[in-house]
Amino acid sequence: MVPATRDTSRVGSGDEPLRHPRRLPRRLARAPIGVFRLGLGGVFAGRLLMLDHRGRRSGRIRSVVLETVAREGRAHVVVSGYGWSAQWLRNIAADPRVRLWSGWGSGRRARAEILSPAQGLAVLEDYRRAHPRAARLLSRALNLGPLMPDQPLPAGAAARLPVVRITPLQRMRSRRRRP
C-alpha cells in the first residue's frame, strides 16, 4: 500500500487537499470575443476586457476575455483564476506586449505586468472588501474555501492567483507639422 501524499500547494483551510478550479465551457468563455471585435465591448460596462496576446511557442495572436477586478487610473487589473496553468498568463510572462480591448471601439496597444505576490495580495484584499458577494461566489468556483471579509486570505492565495496590471500605451502622435 502506498501512503497518501498531501498536496502542499493548497490554499484552502482545513485538512482537505485543494481541488482544481472548475473550468468554464470553452464556448461560453469565448462568446464575448465577437462582441469586442465588433467594437461593442462597452455593453459589459467596464467589467470585462479582452486581451490579445502572442502565443509563446506558436507566435500566433490569441484572445482571452477577463474580468477587471480593479482600475488604477487608465490601467486594468485582472486575476488569473486558473493560476499559472492559464495559457494567457504564461504567454504574457514571455511577451508582455498585448492589445487591450475595453469599452467601445477597437483595441489599443498595452503592456502587461505580473504583480509581486505582496502587491497581488493587496489587490485581492481590496476586491474582497469591495465585493464580498462576488468574492464568495468566486471562492466557491475556484475552490479556495470561504473568503469572508473579516478573515485573512488563505496562505498562498496571491501566489496561486497571480494578479496582472494591464496599462495602455500612449498613442503615437504624428510628427507632421500643420501649416
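**View A. Salt bridge between Glu67 and Arg47.** The closest N and O atoms of Glu67 and Arg47 lie 2.9 Å apart, forming a salt bridge (a side-chain nitrogen of Lys or Arg within 4 Å of a carboxyl oxygen of Asp or Glu). The pair links distant parts of the chain, 20 residues apart: Glu67 belongs to strand S2 (residues 61-72), and Arg47 to the loop between helix H2 (32-37) and strand S1 (48-54). Helices (H or I, at least four residues) and strands (E, at least two) are DSSP runs, numbered from the N terminus. Glu67 is partly exposed at 23% relative accessible area, as is Arg47 at 43%; buried means under 20%, exposed over 50% and partly exposed in between (1.4 Å probe, protein chains only). The model is predicted: local features need pLDDT of at least 70 and side-chain atom pairs pLDDT 80 or more, whereas totals for chains, interfaces and linings use all residues. Residues are numbered from 1 along each chain as its sequence is written, and side-chain values use heavy atoms, without hydrogens and water.

**View B. Salt bridge between Arg165 and Glu72.** The N to O distance is 2.5 Å. Arg165 in strand S6 (residues 163-168) and Glu72 in strand S2 are 93 residues apart. Arg165 is buried at 18% relative accessibility, whereas Glu72 is partly exposed at 35%.

**View C. Stacked rings of Phe36 and Phe44.** The structure holds one aromatic pair. The ring centres of Phe36 and Phe44 are 5.3 Å apart, with 25° between the planes; rings of Phe, Tyr and Trp (its six-membered ring) pair if their centres lie within 6.5 Å, and planes under 30 degrees apart count as stacked, over 60 as edge-to-face and the rest as tilted. Phe36 is buried at 1%.
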